[in-house]
Structures are given as C-alpha cells and as structure tokens.
Amino acid sequence: MLKLALFVAGIVCCAFLPTLPSLWSLGGLWLLMYLLERVAAPRLAGVAALLAALLLGLFYADARAQLRMAQALPAVWWQKPVSLIGVVRGLPVQGQYGVRMQFQVEQVLTPQASLPERVQLSVFVRKGELAPTGVWRAGDRWQLTARFRPRQSTANPFGFDAEQWLWSEGVLASGTMLPGAVRLGEDHGLLARVDRLREQQVLRIESVLGTSRAASLVAGLTVGAQQSIARAEWQSLARTGLTHVVSISGLHITMVAGMVAGLVALVLRRWPLPGLAPRLCIVLSGVMAAAAYAVLAGFSVPTQRTLYMLCCMALMLLARRVWSGLHIWWLALALVLLIDPFAVLAPGLWLSFGLVAALMLVSVGRRRPAGKYWQALSGQWAATVASLLPLLTLFGSFPLVSPLANAVGIPLVSVLLTPLSLLAVALPWAQPLQWAGWLAEWFYRGVDWLAAWPPWQVAAAPWPLLLPGAIGSLWLLAPRGMPGRLLGASLLLPVLFYQPPAAEPGTLRVKVLDVGQGLSVLLQTRSHALLFDTGAGEGERWVLPQLRGLGVRQLDVLMLSHNDKDHDAAAADIVAAMPVRQVLAGQLATLTQYGLHGSLCRRGQSWAWDGIRFDVLWPVADTVLSDDNSHSCVLRVASRTQAILISGDAPRAVEERLVADYGAQLRSDILVVGHHGSRTSSAASWLEVVNPDWLVLSVGFLNRYRHPQPQVLAALQAQGRVLRTDQDGLLSMTLGDAILPQCYRQLAGRYWRSRGQCAAAPGR
C-alpha cells in the first residue's frame, strides 16, 4: 500500500511543478531505481522500490501532461476563423447573452489549422434578440466556423481559478461562433445518446416546474445538470456549507446502489434464480445501478470515487477477501488519478476523498459498532473538522452554520429529496415532479435563512502554518484514546486566527488585481485600506476573494473613478459584504445606479494615513466635462520618497490639463496607465512630466478593444518598465525603499499556467 501511496504522490506532485521535467530523465531515474531494487541490499532495495513508485507516478502524469499540452491552440491561429465539424457534448448552458457548450472536435476543415480535441463554444445573440433555446441540442453534429483563443484567464492568488479548472477539464481553447453554422444531424455514439437522455429529462422537469430554482435543483440531483443552478443559489449554498449536498455525491450513488441491491435481494428471497448465486446477483445489481447513475449524472469526480470504491468492495465480496477501508480508499484514489491525473487540480477531489477518509478515521479502533445517534454525531464532527482547513484554504471562509445546515440538509436531500426526484423522473406522471419541486423550494427557503448568518472569515495562511494545521486536524480525528487532543486543536488555532503582518510605518502596499478588462487597485498603509475601482462582474468573482485572502476586513475608502461597468460594477457587492467607511465617486450616476451613499471626488481632497499622503487631483468642481471618462477620479499617493499615480480612464485632454496645472508635481515612480493603454490616453507630455519608472497596464487577455494599442505600448516601453495583468496576473509592489514588483504568474508558476516576463526590458 505504501508503494501505491507514493505512486499517487508522484501524480499529485506533477500538477504543481513550474515546468515539466524531461521524460527521458524521469525514465532513466526510474530504471536506475528499478535496477538498484534488484541488486542492492534489502534495506537499500526497499528505499529504491519506494522511489521507483514515486518516479513512476511522476512519469505517468508528466507523459499525460505533455500529450495534453501538444494539443494546445497554436498562437498563429489565435482569434482567426477556423472551420470545423464536431459534436455538442454535455448539456448546453443557456445564458443571458446566448448559449455556452462543450464541443468535441471531429475534423478541422481549414487547411493547416489545428484545434484541441475539446473546446468551449459560445453563441452570442445581439441585444434585444432571443437566445436560440431549442437550436443547440446535446449530441448534435455541426459544421461551423469560430474564432478561438487559448484557455488563459485571470490569475489571482485567491478565489476561483478558471485557468486551472479549464486545464483540469481538458478544455484547451474557447471560441465564439460566427454566422453560418449547419446542423448535420445527430451523433449516434453512446456518449451522445446519454447526453440526449439527460437533456430530455431536464426539458421534462422544466416543462412541469418551469425555469425555477427548484427545477434546477431537481435536475442537478437527477442528471447532474448543476450548471443550471444560478450563481445566487451557489453563493447561498456556499455560505451554509451545503454545496456538496446538491451535487451528485458519493452518498447519493451509494444510496441508489443500496436501494437497488436491497430490492434485488428481496426479489431473490421470494423468487430465487436457479444456477445463480444470490450474492453475485445482489452485488452486481448494486454496482450496475451505481454505474448507470454515475454516467447519467455526468461522471463527476465524486461519482467516480464512489463507483470505484463500490467496485473494489464488490471484488472483495466476490473473491471472499477482506480488504480494509484504507486499502479500498487508496485503490479508488489511484484509479481516479490513473484515468484522469489532472483531477488533482479539482477541489472536489480532495473534499470528496478527504471526507471519506475522515469518516473512516473516526471509526478506527472500535470494538463494536456505535449507536445510530452517536454515528451521526461523530460523522458530523468528522466532516466539520476535515472540511475546516480545506474550506479556509480554498475559499477563505468557513460557514459557522455548516454543522447545523448539514445535520438538517443531508438527511433532507439524501433521504427525501433525491429519492423522490429520481422516482419522479422515472415515472411518467407530473405529480411526483411537483412534489419534488415543492420539497426543493422548501429546502432553498431554509438555505436562504441560514445563509444570512455570518461565516468565519480568515486571511489566507502561509504554508508553514497550514502544515501544522493539517496535523492538528488529523489529531482531532484520531481514534478514541489518543492522547493530546487539545494539542491538536492548538495546532489549528494559528490558521483560524491568522492575520498578515501590517505594512511598515511610512510604506504603502499596492496590489493591482487581475480583473480582466477593467481596473481594481488596492492600496494599504499600516492601518488603512483604499480600493480604487472594482472591475467588472460581481464582487465574488475577483475582488472580494482577494480582499478576504489578504486579510482586509474593512475599507476606509472605496473610490470609483467613473460610471463604467469595468470600473464600478462590483461596488454594491463590496459595500454589502464588508464595512466601507467612505465612498468617493467620479460621477453621481455611479452612486444612484448602485444605491450607494457617498460623495464625489473633487480636486483638493487630501488626507494622510500612517505617513502616506493621498491627493485627489481630478475632477475640478463645477467643470463641464464632455464624456464619462473625463469624470475619472485621478489619485496620487505618495510616501516620503516615492509615489503612485492612478488616472482611471482619464483622456488626453484631462492629462494635458493636469500637466498644465501641476507640472513637475505629478512626478511618480509608478503610473497605472490610463484607459488600459488606449489611443485616448497616455499623452506624450503626460508621460514626460510624470516620468514613471514602472508603468502598469490593467487589461484583459486578447480583449475585444485590442488594448493596449501597439503605438501606445511602444511609447510606454520607451518610458520605463511595463507590467501587464494579462501577462503577469496580480501585481504587488511596495512604496518605501526600492520598488521590486512581484507578479503572481511567476510566484505561482505552474506548467499549465502561462507566464509573462514580469516587466518588459526598459527602453532607456
């Protein structure tokens, strides 16, 4: 079993390497360890055998990764039209602006072009048009033309990592479809048939329950259509710790297998089959039911884990062998990673296997089974302790109501709602579906009530604290009689109450968040924080996870440069999520649109925090301005020796006015380039007077505005060193002594994550 564990460890380690090692090197090392195992002394041979198992896992994951990387979209075909034939896989997702779906590429028609095997396609509709609801169906084959881009997304240390998720799912490119698609009929393969069956059930559920949240939950529990659950519902479930309950988890698969096996056993007792062992029929029927449910549900990691564990148990029973639960756990984990070594990047894998391991751990050493109530309590305790550290690490919070929510939610969903939903889907009548929808709605009402309770939020702890915390969790889950449980709890305390060290007096920490095509800059002194703009989208998408991970518990000032969604769209979410002492906006429209209480940015506003001076340079009161961008707040922040200048989307006319009014007083070491590097900003006189050493561009990767413009970028590179969020991810700088920027894509380098140079070479 130790060799198997090291084989798994090798696969896991590969996912976090900054670059992939040579297969020849790994193969040579493995061969050396293998030969050493054969000829060396017993003790040395044992060590060599363990290292060989580790190298074998690393070699296997490396080989699979290199095969996947070879399918990457060539740079010469980025955003160029490519014609292809393929099949719609999974369930297309209907959105506000069109349809998003997975597409299996069968043939590339454009000469010399190449595409990955699986891509993500988006079909957009113009404003005012209806999205093509019934056009894109699961399992249909299409000939179409689309423009593709690689899977690169935003890169921030906290929150959802879309680039990591796309890599783990094997989606190596995303495309936007062009007009002229032609449907070629239905694909008749097994996967297509299963997808069509799943889609038919979703349509039937919606025909009875409508497009309600109850219908989405019933569809998610029966055919794994979790993508139809709205973001607001996911956020409520996350705030209560119930996201695992609405996914088709191991508990649901096991329940279905047990129900079918019990039914077969009942039938065989009454009508035995001659020539067939009852045990064989019972075991195989349960495994087949689990396999059918797992495939119908989309074959996610939790369903795979449970299915493989059930298969191991079935083999044990049929072979009359006794395997420990730990053996079965390791076999299932190894089988999952053997089939999909990239599953190690999915949080669901570790939450799923971790909870099962915790449940096994608390039951070790018992001479006799515990009572039902004690089993339920110990199981809840194990789930809470086991999920505490992963949830704090991955999401920066732990719902305090999670034990209560799970104690009620797990029985309600697993024992009542899921069986009723499965029965309703199997029966031809509408009434059972209505009952399931009624129960799902009541479940959501309870979730809404519990979601209003505050979670336990902590800053992201460093690895030196996480390791003792993991040991403390295992200690708390140790069998009864293990001494020193209070010591285990004490090892968790540093993680639970961690707060990053404050900035030194007289220094300013600057974080330029990677919010795609938008802007958001966090400025922190020793005891104060200012957020300049919020980027586009919802607050939970980018900004709030970074604030929580960095330990920001309140904002002293939220400055919204002007009324443009890529600068202020998340303002209301941020104000609702944490205390904000003051809101300053460039335009009154921002305050009224988001229902905020605040005041307008005006020249002359100035204050000092912890030895750092903040000055608002624009706009000027009672000045008639021609467009929204001209209202942008312009903020200069200076320490004793250095300064940063942020101008939002201020156009050249504003820049030239500021040059005329302030002159050399604008000199700053860091310039956050205006309007993302468009032609309308970064005037020559502005760059000459500000004279920055570092120029920061907050832009989206391959954005549709083509920012930064080539001539503007050339002027910036001639001025100083250029940092870009689309190439470097989140940018960190400190104003105090020397400015040494840190780029997240380099700090957290992975072989599957693209990386920039963390500042282009200076042009002077």
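Reply: What follows describes that sheet and then other parts of the chain. The model is predicted.

The sheet is open and its seven strands are arranged in the order β15-β16-β17-β18-β19-β20-β21. The pairing in this sheet is mixed. At its edges stand β15, residues 606-609, and β21, residues 721-724. Each of these has a single partner strand, so one side of β15 and one side of β21 have no neighbour in the sheet. From one strand to the next, the twist averages 20°.

Inside the sheet, β17 covers residues 634-638 and β18 covers residues 643-646. These strands run antiparallel and are joined by four bridges.

Helix α23, residues 652-662, lies across β16 and β17. Its direction is at about 120° to β16, the strand of residues 612-618.

The loops of this region hold some backbone features to check. Asp 610 is in the loop between β15 and β16. Its phi is positive, about 50°, although Asp 610 is not a glycine. In the loop between β16 and β17 sits Pro 619. The peptide bond leading from Trp 618 to Pro 619 is cis, and its omega is near 5°. Another cis peptide bond joins His 707 to Pro 708, with omega about -5°. Pro 708 belongs to the loop between β20, residues 694-697, and α25.

Helix α25 leads on to a pocket. Two or more lining residues come from each of α3 (42-69), α4 (162-169), α25 (710-719) and α26 (725-728). By class, the lining has 15 nonpolar, nine polar and eight charged residues. In general, empty space of this kind is found by rolling a probe the size of a water molecule over the atoms.

The chain has another open sheet, made of eight strands. Their order is β14-β13-β12-β11-β10-β9-β22-β23, and the pairing is mixed. The edge positions are taken by β14, residues 599-600, and β23, residues 742-743. Each has a single partner strand, so one side of each is left without a neighbour in the sheet. Within this sheet, β12 (residues 557-560) and β13 (residues 583-585) pair in the parallel sense over three bridges. There, Leu 560 has Ala 585 in β13 as its bridge partner.

Strand β1, residues 81-94, pairs with strand β2, residues 98-108, over eight bridges in the antiparallel sense. A hairpin of three residues joins β1 to β2. In this pair, Val 87 has Gln 104 in β2 as its bridge partner. Strand β2 also pairs with β3, residues 118-124, again in the antiparallel sense, over seven bridges. Here Gln 102 stands opposite Gln 120 in β3.

The last item is a helix pair. The axes of α7, residues 231-240, and α16, residues 431-451, come within 9 Å and cross at roughly 60°. This crossing is left-handed. From α7, the residues in contact are Glu 233, Ser 236, Leu 237, Arg 239 and Thr 240. They meet Phe 443, Tyr 444, Val 447, Asp 448, Leu 450 and Ala 451 in α16. By class, the residues of this contact divide into six nonpolar, two polar and three charged.

Definitions and conventions. Residues are numbered from 1 along each chain as its sequence is written. This is a predicted model: local features need pLDDT of at least 70, side-chain atom pairs count only at pLDDT 80 or more; totals for chains, interfaces and linings use all residues. Side-chain values use heavy atoms; hydrogens and water are left out. Axes are lines fitted to C-alpha atoms, for helices over the stretch in contact, and angles run from 0 to 180 degrees between N-to-C directions. A crossing is left-handed if the near helix is turned anticlockwise from the far one by less than a right angle, and right-handed if clockwise. Contact means heavy atoms within 4.5 Å. Ala, Val, Leu, Ile, Met, Phe, Trp, Tyr, Cys and Pro count as nonpolar, Asp, Glu, Lys and Arg as charged, and the others, Gly among them, as polar. Two strands pair if DSSP finds at least two bridges between them.
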